[in-house]
Amino acid sequence: MAEKMTTLQGAAVELTRDAAPVREAVSEHPRRPFPWGKLIVYAVLIFGAITALYPFFWMLSASLMTNAEVAAGSLFPSQPLLENYPLAWERANFSQFMWNSARITVIRLFGTLIFTIPAAYAFARMQFFGRNVLFAVFLSTMMIPEVVTLIPNYLTVVWLGRFSETVLGPGSGWINNWPSLTIPFMVSTFNIFLLRQFFAQLPSELWDAARMDGAGHLQFLLRVVLPLSKAVIMTVITFAFIGSWNALMWPLLVTQTDAWRPVAVGLTKFVNSDAPGEFNLQMAASVIMLIPILVLYFFTQRQFTEGIATTGLKG
């Protein structure tokens with residue numbers, strides 16, 4: 001019996017010795033406090049996301065309601081009314097306004113790429129007298145409010161239209177025609193800045209290798225720079241598309257008929273004149289106008305995100 005007690009006491013001593021390091025390890029790593037900071041950050045982000053997405057959700061929901069349900073403040077339609085969309089399309093004459101916006105956007109995108117890419121390359125890769133000063137002055141124009149330049153730009157367009165009619169004949173004026181809606185926006189300070197920042201990050205070794213192969217600036221731009229800049233170019237295309245598709249103030253100023261008015265003007269006309277008080281049809285028309293932008297972003301979201309992320313501030 002004494003031997004058994006001695007054995008048990010020895011085992012207890014061994015267990016105590018084995019447990020001591022475990023207690024020390026536990027004491028060295030105390031229990032972490034609750035991450036209240038992360039909780040607050042997530043709460044703010046979730047609240048911001050809900051605040052940003054709720055208007056779009058309500059617009060989509062209201063577009064499927066009756067006008068009485070919208071006026072009553074209903075959150076969901078009792079029975080979705082898909083016929084609101086063809087009705088809004090027909091009454092707003094969106095077939096013409098969508099076609100106008102498509103033509104204006106294609107011309108504007110083509111001109112934007114033609115003018116902004118060489119300008120950005122010149123500021124980023126070419127050495128000439130006064131380059132940095134000229135770029136700083138050019139960049140400072142972003143600080144000028146758009147409304148300040150409306151009247152000067154309008155007078156310029158009127159003068160150019162008169163000159164064009166004198167040289168090319170009647171019907172070639174800019175007012176109430178596609179040149180006034182596209183040409184003034186083919187050169188964008190922001191797009192040139194975005195492209196210039198990306199072009200400036202490309203390694204100089206690429207240019208040295210191209211020079212050794214006998215390539216000039218144009219060949220280097222077409223064969224090396226542009227293939228490496230697909231993401232940022234898609235970002236520029238996305239911004240230019242959105243700006244052209246949502247244009248309202250300037251088209252109202254330079255057009256008097258619906259011949260070249262874009263879809264944003266058509267939506268405004270529909271809301272104010274064709275369907276006042278019919279909020280369900282107004283929301284349906286708004287969803288129709290939004291669809292092309294969503295489709296474009298769906299197909300370019302990866303390049304858009306990559307273009308924004310990889311465009312640094314070097315230069």
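Asn-176 sits in the loop that joins helix H7 (150–168) to helix H8 (178–182). In this predicted model, Asn-176 has a positive phi of about 60°, although the residue is not a glycine. Its relative accessible area is 22%, so Asn-176 counts as partly exposed; the cut-off for buried is under 20%.

Asn-93 lies in the loop between helix H4 (84–91) and H5. Asn-93 is not a glycine either, and has a positive phi of about 55°. With a relative accessibility of 33%, Asn-93 is partly exposed.

The chain has 315 residues, of which 35% count as buried. Its accessible surface is about 19600 Å², and carbon and sulfur atoms account for 70% of that area. Among contacts in the chain with a separation of 6 or more, 71% are between residues 24 or more positions apart.

Helix H5 (residues 94–125) leads on to a helix pair. H5 packs against helix H12 (residues 230–245) at an angle of about 140°, and the two axes are 9 Å apart. H5 and H12 are therefore oblique to each other, since an angle has to be over 145 degrees to count as roughly antiparallel. The crossing of H5 with H12 is right-handed. On the H5 side, the contact is made by Met-98, Ser-101, Ala-102, Ile-104, Thr-105, Arg-108, Leu-109, Thr-112, Leu-113 and Ile-117. H12 contributes Ile-233, Val-236, Ile-237, Ala-240, Phe-241, Gly-243, Ser-244 and Trp-245. By class, the residues of the contact of H5 with H12 are 12 nonpolar, five polar and one charged. Arg is among the residue types that count as charged, and Arg-108 of H5 is part of this contact.

Another arginine is found in a loop. Arg-261 lies between helix H13 (249–254) and helix H14 (263–274). Is Arg-261 buried or exposed? With a relative accessible area of 16%, Arg-261 is buried, because buried means under 20%. Apart from neighbours within four places in sequence, Arg-261 is in contact with Phe-97, Asn-100, Thr-255 and Gln-256. Asn-100 is 161 residues away from Arg-261 along the chain, yet their C-alpha atoms are separated by 6.3 Å.

A further helix pair is formed by helix H10 (residues 204–212) and helix H11 (residues 217–228), which pack at an angle of about 140° with their axes 10 Å apart. That angle makes H10 oblique to H11. H10 passes H11 in a right-handed crossing. Which residues make the contact? From H10 they are Leu-206, Trp-207 and Ala-210, and from H11 they are His-217, Phe-220, Val-224 and Leu-228. The residues of the contact of H10 with H11 comprise six nonpolar, one polar and no charged.

Ala-209 also lies in H10. Ala-209 has a relative accessible area of 37% and is partly exposed.

Definitions and conventions:
Residues are numbered from 1 along each chain as its sequence is written. This is a predicted model: local features need pLDDT of at least 70, side-chain atom pairs count only at pLDDT 80 or more; totals for chains, interfaces and linings use all residues. Side-chain values use heavy atoms; hydrogens and water are left out. Buried means under 20% relative accessible area, exposed over 50%, partly exposed in between (1.4 Å probe, protein chains only). Contact means heavy atoms within 4.5 Å. Accessible areas come from the Shrake-Rupley method with a 1.4 Å probe; for residues, only the protein chains shown count as cover. Axes are lines fitted to C-alpha atoms, for helices over the stretch in contact, and angles run from 0 to 180 degrees between N-to-C directions. Helices (H or I, at least four residues) and strands (E, at least two) are DSSP runs, numbered from the N terminus. Angles under 35 degrees count as roughly parallel, over 145 as roughly antiparallel, 65 to 115 as roughly perpendicular and the rest as oblique. A crossing is left-handed if the near helix is turned anticlockwise from the far one by less than a right angle, and right-handed if clockwise.
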